[in-house]
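Here is a brief structural report on one protein chain. It covers contacts, strand pairing, the core and the surface.

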Amino acid sequence: MYKNSLLKIVMLFIICGSTQISATYFVDTSMSPYYGNSTISEDMDLGSSSFQIGFCETGYLTIEGGADVIANSSVLANQNSNTEGYVTLNAIGTTWTNNHLYVGQKGYGVVTVQNGAELIDIDIPYLGDYSTGHGIINIIGTGSKWTQYGYSQIGDEGIGEIYVLDGGQ
């Protein structure tokens, strides 16, 4: 079930500044008339497509209810230093799997994993990728976890933070 959702494949080019993107799921207030606040509560496999959360402005994505969401890549706060992207994983059995995860690529991005949910990274996650980027991952509560294969780029050129609280792992 998608609520107030902009979760659809964009087949035409979308232009934001000088960037053109296609075959991407956008969660962003700037992509009018769509909402920048979306919830996924059922399984979803994007195949080779990606999530852009806060591409040009601010985007919020919640994955909950035991949903298993798989994306080739996900980018939070992509386009410039004024962008913000927020993802919340909520509830036991909820998983979000990415081959490539960029949190706060050029702007401010936050991923919060709570109430027994799991974030899975297949490849290297980047937090604070560019000099203007600020990426945060919060793992909160017993059973909540971040599973990754390989190493992480924390504060590659920007600021990267990880918080593991209240029994998270």
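What share of the contacts in the chain with a separation of 6 or more comes from residues 24 or more positions apart? The share is 74%, where contact means heavy atoms within 4.5 Å.

This is a predicted model: local features need pLDDT of at least 70, side-chain atom pairs count only at pLDDT 80 or more, and totals for chains, interfaces and linings use all residues. Residues are numbered from 1 along each chain as its sequence is written, and side-chain values use heavy atoms, with hydrogens and water left out.

**Overall make-up**

The chain has 18 strands and zero helices. Of the 169 residues, 50% are buried. Buried means under 20% relative accessible area, exposed means over 50%, and partly exposed lies in between (1.4 Å probe, protein chains only). The accessible surface of the chain is about 7,500 Å². Carbon and sulfur atoms hold 49% of that surface. Areas come from the Shrake-Rupley method with a 1.4 Å probe; for residues, only the protein chains shown count as cover.

**Strand pairing**

Two strands pair if DSSP finds at least two bridges between them.

| Strands | Bridges | Facing residues |
|---|---|---|
| E6 and E9 | two bridges | Asp 45 and Ile 70 |
| E7 and E9 | four bridges | Phe 51 and Ser 74 |
| E9 and E11 | eight bridges | Ser 73 and His 100 |
| E10 and E12 | seven bridges | Val 87 and Val 111 |
| E12 and E15 | seven bridges | Tyr 108 and His 134 |

E12 pairs with E10 and also with E15. Five of the seven residues of E12 are buried, so this strand is largely enclosed by the rest of the structure.

**The core**

The largest nonpolar core has 24 residues. Such a core is a set of buried Ala, Val, Leu, Ile, Met, Phe, Trp, Tyr and Cys residues joined through side-chain atoms within 4.5 Å. Phe 51, Trp 96, Val 111 and Leu 119 touch the most other members. Strands that each supply at least two residues of this core include E7 (50-53), E9 (68-76), E12 (108-114) and E15 (134-140). In soluble globular proteins, nonpolar side chains tend to be buried together.

Which residues does Leu 119 contact, leaving aside its neighbours within four places in sequence? Among them are the core residues Trp 96 and Val 111. Leu 89, Ile 137, Lys 145 and Trp 146 are also among the contacts of Leu 119.

**Surface and backbone**

Ile 154, Ile 162 and Val 164 form a nonpolar surface patch with about 230 Å² of accessible area together. Patch residues have over 30% relative accessible area and no salt bridge; like charges are joined within 9 Å, nonpolar side chains (Val, Leu, Ile, Met, Phe, Trp, Tyr) within 5 Å. A salt bridge is a side-chain nitrogen of Lys or Arg within 4 Å of a carboxyl oxygen of Asp or Glu. Val 164 sits in strand E18 (residues 159-165). Val 164 is partly exposed, at 47% relative accessible area.

Two non-glycine residues have positive phi. Ala 91 has phi near 110° and lies in the loop between E10 and E11. Ala 91 is partly exposed, at 25%. Asp 166 has phi of about 50° and follows E18. Asp 166 is exposed, with 62% relative accessibility.
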